[in-house]
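Please read each point alongside the structure.

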Amino acid sequence: MIRNAKNQILKPARYDGEENRRVVLEAALRVFSEVGFAAASTRAIAAAAGIEQGHLAYYFPTKLMLWRQVVEAFARKGEAHLREHLSGDSLVDAVATAQRVLPGFLRTFAEEPRLTRLMLQEFSIMSERHEWLVDTFGRPVWELLGPLFEALAEQGRLAGAGPEVAYFSLIGSALITFGNAELLRSMTGAEPSDEAWIERAISHMIGPVLMPVASL
C-alpha cells in the first residue's frame with residue numbers, strides 16, 4: 001500500500017511554503033489512511049509529497065504532530081456544518097431538524113473517505129491518538145447532537161433506543177460504510193463515490209433515527 005502512495009507524487013511548487021504544507025498534508029492523509037499511523041513512515045510521506053524527508057521535518061518535526069495537523073486540516077467540516085445549521089429552536093421540531101441537519105453531516109463522511117477510514121482506525125484502538133480524537137472531535141460533536149437525539153427520544157423516535165445508542169449506531173454506520181470504500185467496491189461491485197449511492201446510504205442510516213416506537 002505504501003508503494004502505491006509513493007508512486008502518486010504530488011510535486012509541490014518548490015519555494016511556495018504554504019503550497020508545500022498543503023501538499024504534505026494531502027500526501028500524509030493518503031498514507032495514514034492506507035496503512036495506519038504505526039506503519040506510515042515520514043520517508044514514505046515525504047516521497048508521496050515529492051519533497052525531501054528533511055524538508056518534511058521542517059514543517060512537521062514529529063510524525064504525531066503531522067498526524068494531528070492532518071486531522072485538524074480535514075476533519076472540521078462536519079462540526080462546522082452542525083454549528084451552522086443547529087439553531088436555538090432546533091429542538092421544537094426535532095424530526096424536522098434531524099431531516100434538515102443529519103444528511104449534510106453524514107455527507108462529510110462520504111466526501112472524504114480517506115479521513116473517515118483514518119478516524120475508523122483510530123477510534124477502534126485505545127491510544128493517545130484515540131483520546132485526542134475523542135476530546136478534540138468526538139465529544140464536541142456529541143455535545144452538539146446529544147440534545148437533538150434526546151429530544152427525538154422524548155418525541156417517541158429512535159425506534160425506542162436511548163439517545164446514546166442511536167447516536168453511536170449512526171456514527172458507527174457512517175464510519176464503517178464510508179471508511180471502507182475499497183472493500184465495498186471489491187466485495188459488492190457498488191461504487192461508493194456515486195451521488196445516488198451516497199444519498200441512498202445516508203437515507204438508510206437516518207431511518208432508525210426518525211422511526212417512531214409505535215412502528216416497531
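The points below move from the whole chain to single residues.

1. Overall architecture. The model is predicted. The chain contains 12 helices and 0 strands, so that, by the definition of elements used here, its order from the N terminus reads α-α-α-α-α-α-α-α-α-α-α-α. Along the principal axes, the C-alpha trace spans about 60 × 40 × 30 Å.

2. Burial and surface. Of the 216 residues of the chain, 44% count as buried. The accessible surface comes to about 11,200 Å², and carbon and sulfur atoms account for 55% of that area. Among contacts between residues at least 6 apart in sequence, 70% join residues at least 24 apart.

3. Helix α12. This helix covers residues 195-210 and has 16 residues. From its first C-alpha to its last it reaches 22 Å, close to the 22 Å expected at 1.5 Å a residue.

4. The buried side of α12. Which residues of α12 are buried? They are Trp197, Ile198, Ala201, Ile202, Met205, Ile206, Val209 and Leu210. An α-helix has 3.6 residues a turn, so residues three or four places apart point the same way. The cover over the buried residues of α12 includes α7 (94-111), α9 (128-154), α10 (163-178) and α11 (181-188).

5. Arg107 against α12. Arg107 has its place in helix α7, one of the elements that cover the buried residues of α12. Is this arginine, Arg107, buried or exposed? Arg107 counts as buried because its relative accessibility is 16%, under the 20% cut-off. Leaving aside neighbours within four places in sequence, Arg107 is in contact with Glu195, Ile198, Glu199 and Ile202. Ile198 and Ile202 are themselves among the buried residues of α12.

6. Aromatic pairs. A search of the whole structure finds 11 aromatic pairs. One of them joins Phe37 and Trp67 in an edge-to-face arrangement, with 6.3 Å centre to centre and 85 degrees between the planes. The pair links distant parts of the chain: Phe37 belongs to helix α2 (residues 17-39) and Trp67 to helix α5 (residues 63-74), 30 residues apart. Both Phe37 and Trp67 are buried.

7. Surroundings of that pair. Ring pairs link Phe37 and Trp67 with Phe32, Trp132 and Phe137 into a cluster. Lys63 lies over the face of Phe37, at 4.4 Å from the ring centre. Arg129 lies over the face of Trp67, at 6.0 Å from the ring centre.

8. Most residues other than glycine have a negative phi, and most peptide bonds are trans.

9. Leu158 is classed as buried because its relative accessible area is 2%. Ala159 has a relative accessible area of 23% and is therefore partly exposed.

Notes: Residues numbered from 1 in each chain as written. Predicted model: local features only at pLDDT ≥ 70, side-chain atom pairs only at ≥ 80, totals over all residues. Heavy atoms only, no water. Helix = DSSP H or I, 4+ residues; strand = E, 2+ residues; numbered from the N terminus. Expected span 1.5 Å × (residues − 1). Buried < 20%, exposed > 50% of the residue type's maximum accessible area, 1.4 Å probe, protein only. Contact = heavy atoms within 4.5 Å. Phe/Tyr/Trp six-rings, centres within 6.5 Å; stacked < 30°, edge-to-face > 60°. Lys NZ or Arg CZ within 6 Å of the ring centre and 35° of its normal. Areas by Shrake-Rupley, 256 points an atom, 1.4 Å probe, with all protein chains shown as cover.
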